[in-house]
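Student: I have just opened a new structure and would like to learn how to read it. Could you take me through some of its features?

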Amino acid sequence: MSIDLLDRARTTLRRLGAPRPPAVDDGPSLARLLRRYEIDLVLDVGAYSGAYGSMLRRCGYEGRIVSFEPLREPRAELRLRAAEDPYWSVLPYALGDRTGPLTLNIAGDAGLSSSALAMLPRHRAAAPHTAYTGTRSVEAHRLDALWEGVTAPGERVFVRLAVQGYEREVLRGAGAYADEIVGIQAGAALVPLHEGGAGFDDVLAHAREELGLTLMSVRPGLADPRDGRLLQCELVLLREDTPAPSEQVPAQAAPSA
C-alpha cells in the first residue's frame, strides 16, 4: 500500500474517533511558529510512520528532524519517508525517564495509540478500535543520554511528543538539557485516558514552570464520537525569554558630533 493510501486510511480512522497525528491539519501555522522562533531541529518522539515529519516538510520546514520510533513495523515506513531526506534521521528507541527495557502496550489501530501506560475505560469506550492487543518490550533511553549525539551546539530544539500520557517521563529524561529546549508540542488529556498519565494541567504546569515555556497554541485531538466531548488536545509552547536571533535589536550607532 502506498504512503498516500495509508494516510487516507488513517484520516478515515480519525474521523471515527481515533487520535490524529498532532497538528497535521494545522501544519502551516505550526511551520510559521517554528520559523518565527528559528527552530532548526525537531525531535519527533513517538514518530510512528512519519506523518508528522512529512507534514513539516510539506509546510516548508527545512531544518533537521530526528524521529524516535521503537516499533518495527511503523518504523519501516518511517525509514522510507526519511530515506531521500539528508536532514531527517531515524532512531529505534522509545524515550523516558530511565534507560533499559520498556514494555509497550500495543494498540489495535496498527499500534498508533500504543503506550507504556494502561488504557483507561473512557479511552476504550470513545475509541474501541484502539484497545490493546498485546505487549512488546522495546529499548528506551533518557534524552539527556542521547542529547550530544543527536543535537549540535547552537541548534534551537523543538520536541514533539506523541507518547500517549507518557509526556512527563520523556521531559524528565531531558535532565540538565531541559533548559536547551526552545519549544514542545505535547498531547494533554482533558479527562483521564491512561493510568498515571499526564493530564492537561500536568503538561501545562511542567512546560511553564520547569521549562519556562509560553503557551502559543491549543489544537484539538481525540474526541468522543458519542457526545462530541473533546478528550485530548495538543499544546504548543515556546520559549519567549530570549528573542530569536532575527529579532535582536541592533545597537544604535552613537550620534556624530
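Student: Is Arg160 buried or exposed?

Tutor: Buried means under 20% relative accessible area, exposed means over 50%, and partly exposed lies in between (1.4 Å probe, protein chains only). Arg160 has 4% relative accessibility, so Arg160 counts as buried. Do keep in mind that this is a predicted model, in which local features need pLDDT of at least 70, side-chain atom pairs count only at pLDDT 80 or more, and totals for chains, interfaces and linings use all residues. Residues are numbered from 1 along each chain as its sequence is written, and side-chain values use heavy atoms, with hydrogens and water left out.

Student: Which residue forms a salt bridge with Arg160?

Tutor: Side chains of opposite charge can pair when their charged atoms come close. A salt bridge here is a side-chain nitrogen of Lys or Arg within 4 Å of a carboxyl oxygen of Asp or Glu. Arg160 pairs in this way with Asp44, and their closest N and O atoms are 2.6 Å apart. Because Arg160 belongs to strand S7 (residues 157-161) and Asp44 to strand S1 (residues 41-45), the bridge ties together parts that are 116 residues apart in sequence. Asp44 is buried too, with a relative accessible area of 0%.

Student: Over which ring does the charged end of Arg160 sit?

Tutor: For a charge to sit over a ring, NZ of Lys or CZ of Arg must be within 6 Å of the ring centre and within 35 degrees of the ring normal. The charged end of Arg160 is placed over the ring of Tyr52, 4.3 Å from its centre. Arg36 also lies over a ring face, that of Tyr37, at 4.7 Å from the ring centre.

Student: How many salt bridges does the structure hold?

Tutor: There are 11 salt bridges. Arg72 counts as exposed at 55% relative accessibility, while Glu73 is partly exposed with a relative accessible area of 42%.
Another bridge brings together the side chains of Asp224 and Arg122 (3.7 Å, N to O). Asp224 is in the loop between strand S9 (214-220) and strand S10 (232-238) and Arg122 is in helix H5 (residues 121-126), so this pair ties together parts that are 102 residues apart in sequence. Asp224 counts as buried at 1% relative accessibility, whereas Arg122 is partly exposed at 26%.

Student: You keep naming helices and strands. How many of each does the chain have?

Tutor: Helices (H or I, at least four residues) and strands (E, at least two) are DSSP runs, numbered from the N terminus. The chain has 8 helices and 10 strands. Just after H3, Gly60 takes a positive phi of about 105°.

Student: Which residues touch the most other members of the largest nonpolar core?

Tutor: In soluble globular proteins, nonpolar side chains tend to be buried together. A nonpolar core is a set of buried Ala, Val, Leu, Ile, Met, Phe, Trp, Tyr and Cys residues joined through side-chain atoms within 4.5 Å. The largest one has 42 residues, and Leu43, Val45, Phe68, Val159, Leu161 and Ile184 touch the most other members. A second, separate core of 20 residues includes Ala47, Met55, Leu56 and Ile65.

Student: How many aromatic pairs does a search of the whole structure find?

Tutor: A pair of aromatic rings is described by the distance of the centres and the angle of the planes. Rings of Phe, Tyr and Trp (its six-membered ring) pair if their centres lie within 6.5 Å; planes under 30 degrees apart count as stacked, over 60 as edge-to-face and the rest as tilted. The search finds 1 aromatic pair. Its rings, from Trp147 and Tyr177, have centres 5.2 Å apart and planes at 15°, so the pair is stacked. Trp147 is in helix H6 (residues 143-150) and Tyr177 in the loop between helix H7 (167-172) and strand S8 (181-189), 30 residues apart. Trp147 counts as buried at 2% relative accessibility, and Tyr177 is buried at 19%.
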